[in-house]
Protein chains: 2
Amino acid sequence: MKVIAYSDRGFKAALEKVVQRGRQDTGAVEPAVRTILKAVERGGDRAVLRYAKKFDRVSLTPDAMRVTPEEIKEAYYKIRKEDGDALRLAAQRIATFHERQRTKTWMYQEQGATLGQAVLPLDVVGLYVPGGKAVYPSTVLMAAIPAKVAGVRRVTMCTPSGQAGINPYLLVAADIAGVDEIYRVGGVQAVAAMAYGTKTIAKVDKIVGPGNIYVATAKKLLYGVVGIDMMAGPSELLVLADESANPSHVAADLLCEAEHDEHAKVYLVTPSRKMADNVARAVQAQVKQLSRTAIAAKAISRHAVAFVVESMERAIDVANEIAAEHLSVATERPFDYLERIRHAGALFLGRYTPPAVADYIAGPNHVLPTGGTARFFSALSVNDYVKISNIVSFTKEELQRVKDPLVRLAHIEGFDAHAKSAESRFL
Amino acid sequence: MKVIAYSDRGFKAALEKVVQRGRQDTGAVEPAVRTILKAVERGGDRAVLRYAKKFDRVSLTPDAMRVTPEEIKEAYYKIRKEDGDALRLAAQRIATFHERQRTKTWMYQEQGATLGQAVLPLDVVGLYVPGGKAVYPSTVLMAAIPAKVAGVRRVTMCTPSGQAGINPYLLVAADIAGVDEIYRVGGVQAVAAMAYGTKTIAKVDKIVGPGNIYVATAKKLLYGVVGIDMMAGPSELLVLADESANPSHVAADLLCEAEHDEHAKVYLVTPSRKMADNVARAVQAQVKQLSRTAIAAKAISRHAVAFVVESMERAIDVANEIAAEHLSVATERPFDYLERIRHAGALFLGRYTPPAVADYIAGPNHVLPTGGTARFFSALSVNDYVKISNIVSFTKEELQRVKDPLVRLAHIEGFDAHAKSAESRFL
């Protein structure tokens with residue numbers, strides 16, 4: 001782990017490089033993605049299955065796309081009971097937290113006007129779950145449970161099936177989360193099928209879930225045809241530490257992020273040179289003892305930086321500039337800093353809050369904005385599964401009261417009929 | 001206005017055509033848009049000004065891009081005092097409504113866990129305001145005021161300047177709304193400048209505001225580089241009417257939508273054949289008396305349909321299927337239907353609530369989802385200018401309590417270091 005201090009040459013450039021990290025340029029893959037989108041929009045199931053064969057080497061008939069209740073039952077037999085229990089506990093805690101995010105329709109009266117907003121769940125949501133070696137049943141819980149808490153009627157899930165079939169943990173997690181139907185298709189073709197609908201897969205209103213650059217680009221190009229969630233990139237952790245932090249714990253947390261994949265990004269920001277050196281040393285020692293040592297070591301050597309700054313004040317500024325996905329505050333009185341932290345996907349406060357606890361079991365969502373997008377994207381929440389409609393109702397007296405300025409504003413914009421529609425009520 | 005009844009041949013097809021309306025295919029303009037985005041990302045101000053010259057025929061130096069305080073002062077002299085007062089009244093009412101949408105940071109404790117979410121305003125927001133003949137100072141208010149209510153520090157606005165300069169109403173509206181800086185650039189180049197930042201125009205976190213297909217496509221392609229708002233299409237109004245409605249008022253409301261542009265879409269859904277015929281007749285008569293007769297007549301002849309259905313129940317179903325931007329409930333007891341309406345950008349209840357009152361002065365936002373996207377997009381709100389960060393803090397005892405299932409879940413996903421990061425706290 002590289003340690004660089006504010007007095008070093010190159011500090012500014014190193015920080016700037018981190019701030020500018022991770023802008024995915026989707027331009028190169030857009031034409032290929034659009035071709036698949038068009039083909040599925042026109043060809044439906046047949047096109048989906050053609051691409052499944054081409055890219056995933058899976059031959060399916062339309063009838064076999066949907067995972068059967070028997071397969072889900074079998075999945076439970078394939079996993080340990082204790083693992084199922086752990087998933088259920090996580091699900092329960094996730095549901096409890098997300099219940100608090102629910103907002104209700106409200107209205108109020110002001111003189112003769114009734115104004116408000118209706119908060120309504122989406123009808124159908126599509127959940128994309130990547131295949132490949134890394135399977136994240138926890139992400140299935142995190143994406144599906146808030147939808148169910150929001151009141152979404154129908155949650156569809158698509159995930160590619162390799163030769164070995166769909167990982168049983170994914171099926172169990174989906175079942176626990178209340179996913180209504182699962183299709184064994186992946187990639188751009190799955191995203192397209194959910195966006196446009198096919199004979200087998202119903203059109204959804206919004207597509208949520210991570211994926212590779214092709215899936216991410218497909219979602220982006222479909223924005224407006226359906227709603228989409230944020231664009232997710234590699235995992236990130238920034239630890240803000242003062243002298244009170246335990247270097248060994250900080251190192252363990254950094255490695256927990258680094259083991260995700262070699263693109264994972266971890267940073268330490270501290271006013272203490274000693275802390276930076278100790279953490280770097282601990283990382284070096286601990287990285288050798290992991291089952292995913294090669295991956296974590298690559299991520300650390302490529303992306304890990306410890307920034308030594310002038311003060312905790314400056315450390316907070318740097319954390320805000322970086323706007324990391326995960327921000328761990330490893331200081332004496334972490335809640336004291338809460339008000340000054342402006343940009344982070346999630347905040348972990350205190351030495352007994354390893355990021356892993358929030359990844360799996362704390363309850364708040366672990367689908368979080370990466371690559372600096374915490375400046376404008378939010379943690380996934382119940383809000384992502386509802387929509388707001390405005391409510392307006394005027395009495396005759398109230399309309400009379402605002403008629404003149406209304407007519408004036410309509411005329412400013414050259415909208416005669418707008419003015420007349422209000423005036424007509426009094427003719 | 002075409003009237004079609006449920007018993008008619010072609011009813012189903014006509015309804016389906018409306019439900020499927022308005023999907024903008026941005027594929028054709030994507031390459032051209034991407035070229036401009038890339039040029040501005042690399043070339044900054046110089047590229048912006050080159051495109052301003054090419055597309056808007058305006059020659060500017062970087063210094064002259066920003067509108068000066070003097071120009072804004074002059075704009076006030078160019079408009080009538082009463083018009084300024086009307087804009088101020090609208091601004092006040094918009095602010096009052098949006099204040100109610102503010103949500104606060106919250107936290108709670110459950111056993112040894114402190115969980116919550118921080119609700120934080122965006123730092124910098126960019127507002128795109130189209131130029132051309134149609135100028136909408138009301139939209140400047142609607143887009144900028146919620147940002148200011150949310151606590152956004154800096155609101156930037158870009159709008160193209162023709163030979164005659166920027167419309168003074170836009171400048172006054174921006175000033176009243178609290179816009180912090182205004183640049184006289186438009187089109188894709190303006191959107192790109194705000195997304196990437198140039199020497200003159202600061203990088204923003206989110207871009208909001210309507211625009212033509214090029215601007216809309218630019219925003220879509222920039223999703224992830226910045227946040228964006230919904231994709232806006234032509235205006236729409238659906239009127240749900242029973243026999244108690246006043247056909248002349250309904251016609252006036254439909255025409256108010258139709259005068260926007262020839263792509264505007266207006267629908268009547270009613271169980272009463274008589275009502276449908278009377279409204280169609282009233283539209284025919286009133287359309288001739290407008291200042292924008294040609295535009296409204298074109299919109300009506302192209303897109304207006306009155307659907308006569310079996311019952312009010314069925315009428316509500318049809319309204320939900322269409323998911324219109326504006327939904328006017330012109331019935332005896334409009335609030336009785338509120339609970340069953342699931343998809344609409346905004347609802348106007350009762351005979352003294354012409355859509356125009358909500359367009360200008362009611363208070364709720366008039367930036368609303370169109371083209372059926374009310375199924376998943378929301379009315380613009382304070383929510384669009386904040387973001388949510390999760391807060392997690394565990395005590396030692398609480399971490400101990402969840403450690404085993406946490407470790408189990410980490411191992412399911414093959415994440416050794418995740419497990420260790422929790423276990424290390426107890427070594």
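Predicted model: local features only at pLDDT ≥ 70, side-chain atom pairs only at ≥ 80, totals over all residues.
Figure 1. Setting aside neighbours within four places in sequence, B:His303 touches B:Glu262, B:His263, B:Ala264, B:Lys265, B:Val266 and B:Tyr267. For a sense of distance within chain B, follow the chain to B:Tyr76, 227 residues away from B:His303 in sequence. The C-alpha atoms of B:His303 and B:Tyr76 are 39 Å apart.

**Figure 2. Chain A meets chain B through 129 residues on the chain A side and 129 on the chain B side.** Together the two chains bury about 11,300 Å², and carbon and sulfur atoms account for 58% of that area. Which residues of chain A lose the most area to chain B? They are A:Tyr223, A:Tyr352 and A:Arg425, which together make up 7% of what the chain A side buries.

**Figure 3. Polar contacts across the interface of chain A and chain B link 70 residue pairs, both partners being at pLDDT 80 or more.** On the side of chain A that touches chain B, helix H15 (residues 396–412) of chain A is the element that gives the most, with 11 residues. Sorted by residue class, that side of chain A holds 65 nonpolar, 30 polar and 34 charged residues.

**Figure 4. Salt bridges between the chains, with A:Arg408 and B:Asp83 in close-up.** The side chains of A:Arg408 and B:Asp83 come together with 2.9 Å from N to O. This pair can be viewed alongside the salt bridge between B:Arg408 and A:Asp83, where the closest N and O atoms are 2.9 Å apart. How many salt bridges are found across the interface of chain A and chain B? The count there is 14, while the total over all chains comes to 52.

**Figure 5. The largest cavity, lined by residues of chain B.** Searching the whole structure turns up 5 cavities of 30 Å³ or more, and the largest cavity holds about 50 Å³ of space. What lines the largest cavity? Here you will find B:Gly209, B:Pro210 and B:Gly211, joined by B:Ala216 and B:Lys219, and then by B:Met230, B:Met231 and B:Ala232. By class, this lining has 5 nonpolar residues, 2 polar and 1 charged.

Notes
Residues numbered from 1 in each chain as written. Chains lettered and ligands numbered in written order. Heavy atoms only, no water. 1 Å grid on protein atoms, 1.4 Å probe; cavity = no way out; pocket = protein on both sides within 12 Å on 5 of 7 lines; lining within 4 Å. Points joined across faces, edges and corners; volume = space filled by probe spheres on them. Nonpolar A, V, L, I, M, F, W, Y, C, P; charged D, E, K, R; others polar. Contact = heavy atoms within 4.5 Å. Buried area = accessible area lost by both parts, 1.4 Å probe. Salt bridge = Lys/Arg side-chain N within 4 Å of Asp/Glu carboxyl O. Polar contact = N/O pair within 3.5 Å; in protein donor to acceptor, adjacent residues only side chain to side chain. Helix = DSSP H or I, 4+ residues; strand = E, 2+ residues; numbered from the N terminus.
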